[in-house]
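Thanks for coming. Please have the sequence and the 3D view open while I talk.

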Amino acid sequence: MKTHDAKRVEIFIEAVVERQLTNALIDAGVTGYTVLPVSGGNGQSGPWSREGQIGRGSGMVAVVCIVRPERVDELLEAVFAVVEKQIGMVSVSDAAVVRLEKF
Amino acid sequence: MVDPLDLALTNLGSPIILSFALGLFAALAKSDLSFPEAIAKGLSIYLLFAIGFKGGVAVAAHGMDAQLLAALLVGIAISFLLPLVAFPLLQKLTRLPAVDIAAVAGHYGSISIVTFLAASSLLTANGMEGEGYMVAVAAVMEAPAILTAIWLANRSGRSSAQAGNEFWREILLNGSIVLLLGAFVIGWATGERGLAEIKSFIVDPFKGVLCLFLLDMGLVAGRRLMGSMGLLTRGVAVFGVLMPLVGASIGLAGGLLLGLSLGGVVLLMVLAASASYIAVPAAMRVALPEANPAISLSLALGITFPFNLTVGIPLYLLVASALVGA
């Protein structure tokens with residue numbers, strides 16, 4: 001099956017700013033994204049876990065989106081406006097998609 | 001006059017405190033006991049709804065009066081004021097950056113609804129229930145401290161904290177505030193008739209659910225404490241015990257000024273002595289993202305919460321019982 005080059009942008013960010021991030025993605029014209037729960041981890045602010053938590057103050061989410069390679073820079077600019085000051089991480093990796101018209 | 005030993009034993013031997021101790025022990029012993037996030041949230045939703053509803057019913061029975069409004073105003077004033085006390089105290093005790101100090105001060109100006117629940121439960125068990133509207137006072141004390149903390153951070157020149165739309169949504173419409181005040185209004189509107197309809201759900205199982213919730217809080221507090229040993233220096237830890245006492249003293253003055261009942265005075269002391277670890281951390285992450293959230297959370301949850309639960313609440317009750325009506 002023929003595949004097309006694409007980029008996978010994965011953003012780990014504090015749950016409390018999830019809405020700000022997804023709004024920024026929509027404003028940047030990203031047609032689709034997926035929000036995934038993150039169960040725990042360890043970083044500069046120490047270890048954390050979602051187990052037993054009731055507030056959103058210490059949780060993280062992962063937001064994943066697939067875009068055409070030429071749109072990555074525009075997307076990253078929008079993402080960094082939100083991520084810059086928060087706890088989080090952004091990574092970009094190569095991906096291949098079957099239906100390019102969807103992205 | 002309350003017998004201090006009886007009171008301390010009643011408190012420490014209650015299923016609620018023992019459940020918390022079990023959670024704390026399990027966490028410190030590195031047991032794999034844990035509550036899934038969804039269950040913990042479910043328990044908290046139940047408790048907030050129940051306490052809000054019962055508070056509303058109590059106000060419906062009591063009626064609106066000037067003392068209720070005065071209590072709300074005093075609660076708001078205390079919440080605005082506490083960070084102004086916490087900030088210099090923490091500056092004296094630690095070398096934390098100003099933005100972290102401002103964030104911690106914000107947490108200590110706000111309240112812990114779980115501590116409030118535990119205190120209410122102890123008071124009820126001893127026949128000293130406070131005014132029903134103290135639930136509403138708790139709700140209005142959540143947010144003002146956050147504004148003071150932002151002002152303190154901006155004044156320090158180390159932060160460009162801003163109160164944008166997302167911030168206001170976070171502090172005014174966060175789930176716990178909406179649920180607590182919403183249930184309060186429902187209880188107020190439906191009164192005793194409404195309570196009779198759902199009593200078997202929100203009154204009878206309340207203490208059992210609170211025990212499970214405190215078990216979870218013990219686990220969370222213990223794991224938070226173990227994960228942040230490096231952050232909690234001696235000065236920071238001292239603040240975690242000292243600040244509740246300062247807050248309780250301010251709450252005591254407010255309660256006496258208002259002429260509240262003994263239970264009401266104790267609840268205002270508990271509110272002023274406690275530190276938020278549910279609503280404020282989220283608001284602070286939006287308003288002061290430069291602050292290290294681990295410091296505030298570890299301090300509020302790992303030190304102040306267990307202190308208030310085991311030592312603070314009976315101590316505040318003891319002090320208040322010596323002064324109220326004296």
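Which residues in H1(A) meet which residues in H2(A)? From H1(A), they are A:Gln20, A:Leu21, A:Ala24 and A:Leu25, and from H2(A) they are A:Leu75, A:Ala78, A:Val79, A:Val82 and A:Val83. By class, this contact has 8 nonpolar residues, 1 polar residue and no charged ones. Before I go on, please note that this is a predicted model.

Now the geometry of that pair. Two packed helices are described by the angle between their axes and the distance between the axes. Helix H1 of chain A, residues 18–27, packs against H2(A) at an angle of about 160°, and the axes are 9 Å apart. Angles over 145 degrees count as roughly antiparallel, and H1(A) and H2(A) are therefore roughly antiparallel to each other. Their crossing is right-handed.

Let me step back to chain A as a whole. Its secondary structure comes to 2 helices and 6 strands. Along the sequence, the pattern of chain A reads β-α-β-β-β-β-α-β. A box around the C-alpha atoms of chain A, taken along the principal axes, is roughly 45 × 30 × 20 Å. Chain A has 103 residues, and 40% of them are buried. If we take the contacts in chain A with a separation of 6 or more, 80% of them are between residues 24 or more positions apart.

Next, one residue of chain A. Where is A:Gln86? The residue sits in the loop between helix H2 (72–83) and strand E6 (88–97) of chain A. Is A:Gln86 buried or exposed? The cut-off for buried is under 20% relative accessible area; A:Gln86 has 12%, so A:Gln86 is buried. The side chain of A:Gln86 makes a polar contact with the side chain of A:Glu14, at 2.7 Å. Setting aside neighbours within four places in sequence, A:Gln86 is in contact with A:Ile13, A:Glu14 and A:Val17, and also with B:Arg285 and B:Pro289 of chain B.

That brings us to chain B. B:Arg285 is one of the buried residues of H14(B). Among the others in the list are B:Ala279, B:Val280, B:Pro281 and B:Met284.

Another helix of chain B is H6, where B:Ile113 is found. B:Ile113 counts as buried because its relative accessibility is 8%. With neighbours within four places in sequence left aside, B:Ile113 is in contact with B:Leu48, B:Ala138, B:Leu180 and B:Ile278. Take B:Ala138 from that list: B:Ile113 and B:Ala138 are 25 residues apart in sequence, and their C-alpha atoms are 7.3 Å apart in space.

Last, the packing of H6(B). This helix covers residues 113–125 and packs with helix H13 of chain B, residues 262–273, at an angle of about 160°, with the axes 9 Å apart. That angle makes H6(B) roughly antiparallel to H13(B). H6(B) passes H13(B) in a right-handed crossing. On the H6(B) side the contact is made by B:Thr115, B:Phe116, B:Ala119, B:Ser120 and B:Leu123, and on the H13(B) side by B:Gly263, B:Val266, B:Leu267, B:Val270 and B:Leu271. These residues divide into 7 nonpolar, 3 polar and no charged.

That is where I will stop.

Notes. Residues are numbered from 1 along each chain as its sequence is written. Chains are lettered from A and ligands numbered from 1 in the order in which they are written. This is a predicted model: local features need pLDDT of at least 70, side-chain atom pairs count only at pLDDT 80 or more; totals for chains, interfaces and linings use all residues. Side-chain values use heavy atoms; hydrogens and water are left out. Axes are lines fitted to C-alpha atoms, for helices over the stretch in contact, and angles run from 0 to 180 degrees between N-to-C directions. Helices (H or I, at least four residues) and strands (E, at least two) are DSSP runs, numbered from the N terminus. Angles under 35 degrees count as roughly parallel, over 145 as roughly antiparallel, 65 to 115 as roughly perpendicular and the rest as oblique. A crossing is left-handed if the near helix is turned anticlockwise from the far one by less than a right angle, and right-handed if clockwise. Contact means heavy atoms within 4.5 Å. Ala, Val, Leu, Ile, Met, Phe, Trp, Tyr, Cys and Pro count as nonpolar, Asp, Glu, Lys and Arg as charged, and the others, Gly among them, as polar. Buried means under 20% relative accessible area, exposed over 50%, partly exposed in between (1.4 Å probe, protein chains only). A polar contact is a pair of N or O atoms within 3.5 Å; within protein, one must be able to donate a hydrogen and the other to accept it, and residues adjacent in sequence count only if both atoms are side-chain atoms.
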